[in-house]
Amino acid sequence: MEKHPENSPEYVGLTVNAGVAQPPSVNPYLKPRRRQPLPSAADLVEGILKGDVTRLARAVTLIESVAPQHQAIAQEVIEKCLPYSGHSRRIGITGVPGAGKSTSIDVFGLHVLKDGGKLAVLAIDPSSERTQGSILGDKTRMEKLAVHPNAFIRPSPSAGSLGGVARKTRETIVLCEAAGFDNVFVETVGVGQSETAVHSMVDFFLLIQLAGTGDELQGIKRGIMEMADGIVINKADGDNIERAKLAQAQFRSALRLFPTPPSGWTPEVLTYSGYFELGIPEVWDMIDRYFHFVKENGYFERRRLNQARYWMYETIDSELRRRFYDDPDRASLIAETERKVLDNRLSPFAAAQLLLK
Ligand code: GDP
């Protein structure tokens with residue numbers, strides 16, 4: 001037997017040994033996979049309306065695709081599903097990384113599903129383009145929901161601008177609702193502009209906070225607090241309960257300085273523990289009361305109409321921009337004009353006017 005290098009006295013552990021020769025192919029019998037034929041819009045719609053999550057997932061993949069033939073089918077599916085949509089409670093959930101969003105969504109989700117119904121968990125994560133694939137909505141982060149037969153978890157669409165990613169999530173909501181999902185959670189990381197995008201597609205916006213070192217209100221943007229319909233302080237367990245209560249008091253007094261939001265609903269501040277499952281029914285009771293309140297006073301309907309209007313103009317904006325930039329003839333002209341601007345031969349405004357003409 002050949003003497004193994006690891007048995008020699010000079011061996012220090014980090015040596016690189018010559019490996020074994022690799023076989024020419026891992027599996028010589030493997031046939032190249034044939035591409036699945038594109039499903040028809042009618043077939044997808046039929047499946048979605050029956051609540052078939054396989055076809056729902058396929059349709060969502062088409063929504064997320066940039067290929068024009070995929071988009072054509074996706075748009076047809078969305079249009080046919082629209083009359084069946086709208087009947088869910090759309091709840092946005094935000095919080096900085098580590099706030100406990102996945103842990104909380106897992107327990108909130110189970111709480112919601114306890115009484116029956118179906119839950120879709122979607123995400124908007126504009127950073128996912130950088131991180132190569134989504135971090136939010138990842139199945140492994142919501143262990144219990146991931147195996148629940150009535151839960152559908154879909155990570156954030158990863159391609160494109162925040163506006164594009166958000167639009168896809170909004171379109172996915174339509175399909176989920178048509179498939180009978182009566183609760184939709186939209187998760188986002190509370191660090192950037194994605195909250196505004198989520199806020200523009202949900203009925204209730206929940207902000208998850210942590211009790212910190214006293215200055216709870218520092219570092220969270222006023223704008224996010226103004227958007228919140230409810231603020232919940234997570235990890236109110238063990239030694240942290242007192243601090244969470246203190247944070248709660250601070251948030252409550254800070255909110256008093258804000259004008260009453262257009263909903264007429266004063267945002268509530270609660271403490272809970274996602275990990276130890278403490279205070280979950282109370283959080284859900286607050287959300288139930290909110291829905292009751294805004295359905296009663298008409299704000300629910302108004303907010304949805306405003307959102308529909310927002311998305312119409314948002315889509316026009318992005319479509320105009322896309323058509324402007326995607327024209328191959330214009331691309332060279334744009335580049336040339338840009339050079340003139342950079343060489344100070346043309347003012348930026350004159351350049352823009354020229355290109356727009
Ligand atoms: P996300 O980044 O917002 O999705 O946060 P995670 O749900 O991944 O939670 C971040 C960390 O906080 C994990 O280590 C969790 O176990 C922990 N965590 C989440 N909720 C609680 C809680 O209620 N109490 C305590 N003590 N820890 C929690």
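At 14% relative accessibility, S85 counts as buried. Buried means under 20% relative accessible area, exposed means over 50%, and partly exposed lies in between (1.4 Å probe, protein chains only). S85 sits in the loop between α3 (68-81) and β1 (89-95). Helices (H or I, at least four residues) and strands (E, at least two) are DSSP runs, numbered from the N terminus. The side chain of S85 reaches the backbone oxygen of L82 at 2.8 Å. That is a polar contact: a pair of N or O atoms within 3.5 Å, where within protein one must be able to donate a hydrogen and the other to accept it, and residues adjacent in sequence count only if both atoms are side-chain atoms.

This is a predicted model, in which local features need pLDDT of at least 70, side-chain atom pairs count only at pLDDT 80 or more, and totals for chains, interfaces and linings use all residues. Residues are numbered from 1 along each chain as its sequence is written, and side-chain values use heavy atoms, with hydrogens and water left out.

## Around the ligand

Which residues come nearest to the ligand? Of the 15 residues around the ligand, they are K101, S102, T103, K235 and D237. A residue is near a molecule or strand if one of its heavy atoms lies within 4 Å of it. Helix α4 (residues 101-113) gives the most to this shell, with three residues. By class, the shell has four nonpolar, seven polar and four charged residues. Here Ala, Val, Leu, Ile, Met, Phe, Trp, Tyr, Cys and Pro count as nonpolar, Asp, Glu, Lys and Arg as charged, and the others, Gly among them, as polar.

| Residue | Polar atom belongs to | Distance to a ligand oxygen |
|---|---|---|
| A99 | backbone | 3.4 Å |
| G100 | backbone | 3.0 Å |
| S102 | side chain | 2.5 Å |

Taken alone, the ligand exposes 570 Å². The protein buries 69% of that. Accessible areas come from the Shrake-Rupley method with a 1.4 Å probe; for residues, only the protein chains shown count as cover.

At 33% relative accessibility, K235 counts as partly exposed. K235 has a positive phi of about 65°, although it is not a glycine.

N344 also has a positive phi of about 65° and is not a glycine. N344 lies in the loop between α12 (328-342) and α13 (348-356). Is N344 buried or exposed? At 72% relative accessibility, N344 counts as exposed.

## Aromatic rings

Rings of Phe, Tyr and Trp (its six-membered ring) pair if their centres lie within 6.5 Å; planes under 30 degrees apart count as stacked, over 60 as edge-to-face and the rest as tilted. By this rule the count comes to twelve aromatic pairs. One of them joins Y290 and F291: the ring centres are 5.8 Å apart and the planes stand at 90°, so the pair is edge-to-face. Both Y290 and F291 are buried.

Y310 and W311 make another pair, with centres 5.3 Å apart and planes at 85°, so this pair is edge-to-face too. How does burial look for these two? Y310 counts as partly exposed, at 36% relative accessibility. W311 counts as buried, at 6%.

F204, W265, Y290, F291, F293 and F300 form one aromatic cluster. F291 also has a charge above its ring: the charged end of R89 sits over it, 4.9 Å from the centre. The charged end of K118 likewise sits over the ring of F181, 4.5 Å from its centre. A charge sits over a ring if NZ of Lys or CZ of Arg is within 6 Å of the ring centre and within 35 degrees of the ring normal.

## Buried residues and their partners

L207 lies in strand β5 (residues 204-210). L207 is buried, with a relative accessible area of 2%. The C-alpha atoms of L207 and I233 are 8.4 Å apart, while the residues are 26 apart along the chain.

R303 belongs to helix α11 (residues 299-326). R303 is buried at 6% relative accessible area. From R303 to S200 the C-alpha separation is 8.7 Å, across 103 residues of chain.

A247 is found in helix α9. At 0% relative accessibility, A247 counts as buried. A247 and T271 are 24 residues apart in sequence and 8.9 Å apart in space, C-alpha to C-alpha.
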